[in-house]
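Me: I am new to this structure and would like to understand the terms used to describe it. Please set each value against its definition before you draw a conclusion.

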Amino acid sequence: MNKNQIIKTVWDLTKPITDELGLTLWDVLFLKEGATWSLRIIIDREGGVDMDACTAVSRALDPLLDEADPISQSYVLEVWSAGYDRDLVRDFHFTSSIGMKVTIGLFTADENGEKEPVRTLKSYDGKTIVCTDESGNEYTYTLSELRFVRRKDEVNFSKNYGE
């Protein structure tokens, strides 16, 4: 199987597990880091993902991967939280992030000298995104011309420390 086929097969095996556990399957990555291949399952849930959720997905998925055997080489199975500053890659990543702040990875600096401006995602059509800045100015970006688009979740960590 090629890399895309592996990702699709693993997605199809993982999705029912995450659905049953009340999680969102955010992404499946199969990548080589140094000499090690990693199969990375990225999950999300309203309110965040804890270690118990990662462990539950790993334990449920492991025997299914052994049975389906979609990967010929040895690899490490990793289950991760999507995290706060997650990459937007799939269609549902963009549509579920409309109205949220995103960091736009530009290849060259914009008119303000920024290569990673933070904007609010206004719309997505599969090839382009429209974002606004704090002043309401609109910016249209073609996805193929960007290095990345990431959610820029704003978290108030100080509330956890009584400040």
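Reply: A residue is called buried when its relative accessible area is under 20%, exposed when that area is over 50%, and partly exposed in between, with a 1.4 Å probe and protein chains only. Helices (H or I, at least four residues) and strands (E, at least two) are DSSP runs, numbered from the N terminus. The model is predicted: local features need pLDDT of at least 70, side-chain atom pairs count only at pLDDT 80 or more, and totals for chains, interfaces and linings use all residues. Residues are numbered from 1 along each chain as its sequence is written, and side-chain values use heavy atoms, with hydrogens and water left out.

Me: What makes S2 mostly covered?
Reply: Of the nine residues in S2, seven are buried, and the strand is described as mostly covered on that count.

Me: What makes S1 and S3 the edge strands of their sheet?
Reply: Two strands pair if DSSP finds at least two bridges between them. The open sheet has three strands in the order S1-S2-S3, with mixed pairing. S1 and strand S3 (76-81) each pair on one side only, and they are the edge strands. From one strand to the next, the twist averages 20°; the axes are lines fitted to C-alpha atoms, for helices over the stretch in contact, and angles run from 0 to 180 degrees between N-to-C directions.

Me: Which helices pack on the sheet?
Reply: H1 touches S1 and S2, and its direction makes about 145° with that of S1. H2 also packs on the sheet, touching S2 and S3, with a direction at about 145° to that of S3. Touching here refers to contact, which means heavy atoms within 4.5 Å.

Me: How do you know that S1 and S2 pair, and in which sense do they run?
Reply: Nine bridges join S1 to S2, and at least two are required, so the two strands count as paired; they run antiparallel. Within this pairing, Leu31 stands opposite Ser38, and Leu29 has Arg40 as its bridge partner. The hairpin of S1 and S2 has two residues between the strands, and Gly34 there takes a positive phi near 65°. S2 and S3, by contrast, pair in the parallel sense over six bridges, with Ser38 opposite Val76 in S3.

Me: What makes a group of residues a nonpolar core?
Reply: The term requires buried Ala, Val, Leu, Ile, Met, Phe, Trp, Tyr and Cys residues joined through side-chain atoms within 4.5 Å. The largest such core has 20 residues, and those with the most contacts inside it are Val10, Val28, Leu39, Ile41 and Ile43. Helix H1 (3-20), strand S1 (24-33), strand S2 (36-44) and helix H2 (51-68) each supply at least two of its residues. A second, separate core has 16 residues, among them Leu88, Ile129, Cys131 and Tyr141.

Me: Why is Ile129 called buried?
Reply: Ile129 is called buried because its relative accessibility is 0%. This residue is found in strand S6 (residues 128-132). Leaving aside residues up to four places away in sequence, Ile129 touches several others, including Phe94, Ile104, Leu121, Tyr141 and Val149.

Me: Why does Thr103 count as buried?
Reply: Thr103 has a relative accessible area of 11%, and therefore counts as buried. It lies in strand S4 (residues 101-105). Beyond four places in sequence, Thr103 touches residues including Glu116, Val118 and Phe148.

Me: How many disulfides does a search of the whole structure find?
Reply: A disulfide is a pair of cysteine sulfur atoms within 2.5 Å, and the search finds zero. Cys54 is buried at 10% relative accessibility, and Cys131 is buried at 0%.
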